[in-house]
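Trainee: I have not seen this one before. Can you walk me through the strands and the charged pairs?

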Amino acid sequence: MAAFNLTPSDPSIFLLIGIPGLEAAHIWISIPFFTFYIIGLLGNVMLLFVVGKEQTLHKPMYLLLCILALTDIATPTFIMPKALCIFWFNLKGITLAGCLTQMFFLHTVSVMHSSTLVMMAFDRYVAICNPLRYGTILSNAQIAKLGLVGLIRAVLFMLPLPLLLSQQPFCANRIIPHTQCEHIAVMKMVCGDITVSRIYGLVLMFVVMGFDLMLIALSYILIIRAVLRISSKKAHQKALNTCTVHICVMLTYYAPGLFSNLTHRFGQGFAPHIHIILANLYFLIPPMLNPIIYGVKTKELRDKVGKYICRR
């Protein structure tokens, strides 16, 4: 244990102290966090397994679900092992390189997640508004290309964040009141001018989330307009049911994400532990809920999952 008895005076080490003010409750807080993480991990692995095994599910819609599941596995996996080390073993030290690496991958996966939601909205738009050309416009190969474009976009947008911070001098007091190396929390440790980093981070949040939300909103406005024109009540209900699933998934991601980001930047009246708990729940709740939502609301997927569970 002595090897981990690090102090902020060590020039290469930051200390992640967990949830300030609630250190005595870390063990109890870790129980729901760990539970959410395991449920999300099992649900998303099950989804990937079922889609991979079932040839009938090798369709664009389910390939997009697999991309979403991969981001849902990656997001909490980048933060929970370190957070649990803090909660359970009081291992708070993290190197500057490790901190910036965690920040880069965490935010990159978040942007990739947002790109996937845009692709899913476009998929539903084509399926409902232009069903006869669906197979031509969106093939499995097209989904793979769109996924690659989304990944490249995420990397290019997020790479400047750690690069800008790595060039800055950090203060002697390197205690980060957080469970993770979140961009805003690390930025507050800088003793130099952080104007560029602050503006870039703020613009990035509004550009990525704003642009993606605009595309999603446009897709669903066109979908709703097309659905209202459908004369068949059964087809009308099926289209609305599909849209409801996607809207639920998007709300579980964007609503807490925007709230957490804005309160962290501008909510000076919020207690620090509220910020940190919200930030952790933002990375844990959507990955846990997404496979449940799709498993319950998508009949074809629900039937396949049920088949495998019954076999066991």
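Mentor: A definition to begin with: two strands pair if DSSP finds at least two bridges between them. Keep in mind that this is a predicted model. By that rule β1 and β3 (residues 175-176) pair in the parallel sense, over 2 bridges.

Trainee: Which residue in β3 stands opposite L16?

Mentor: I176 stands opposite L16.

Trainee: And how many bridges join β1 to β2?

Mentor: There are 3 bridges between β1 and β2 (residues 93-95), and these strands run antiparallel. One of the partners in β2 is T95, which bridges to I13.

Trainee: Where do the β1 side chains point, and are they buried or exposed?

Mentor: In β1 (residues 13-16), I13 and L15 point one way, while F14 and L16 point the other way. All of them are buried.

Trainee: Now the charges. How many salt bridges are there?

Mentor: The structure has 4 salt bridges. Among them is the one between E300 and K59, at 3.3 Å from N to O. E300 is in helix α12 (residues 299-311) and K59 is in the loop between α1 and α2, so the pair ties together parts 241 residues apart in sequence.

Trainee: How exposed are E300 and K59?

Mentor: Both count as partly exposed: E300 has a relative accessible area of 27%, and K59 has 36% relative accessibility.

Trainee: What does D212 pair with?

Mentor: D212 meets R153 in a salt bridge of 2.8 Å, N to O. The pair links helix α9 (residues 195-228), which holds D212, with helix α6 (residues 140-158), which holds R153; the two residues are 59 apart. D212 is buried, at 1% relative accessibility.

Conventions. Residues are numbered from 1 along each chain as its sequence is written. This is a predicted model: local features need pLDDT of at least 70, side-chain atom pairs count only at pLDDT 80 or more; totals for chains, interfaces and linings use all residues. Side-chain values use heavy atoms; hydrogens and water are left out. Buried means under 20% relative accessible area, exposed over 50%, partly exposed in between (1.4 Å probe, protein chains only). Helices (H or I, at least four residues) and strands (E, at least two) are DSSP runs, numbered from the N terminus. A salt bridge is a side-chain nitrogen of Lys or Arg within 4 Å of a carboxyl oxygen of Asp or Glu.
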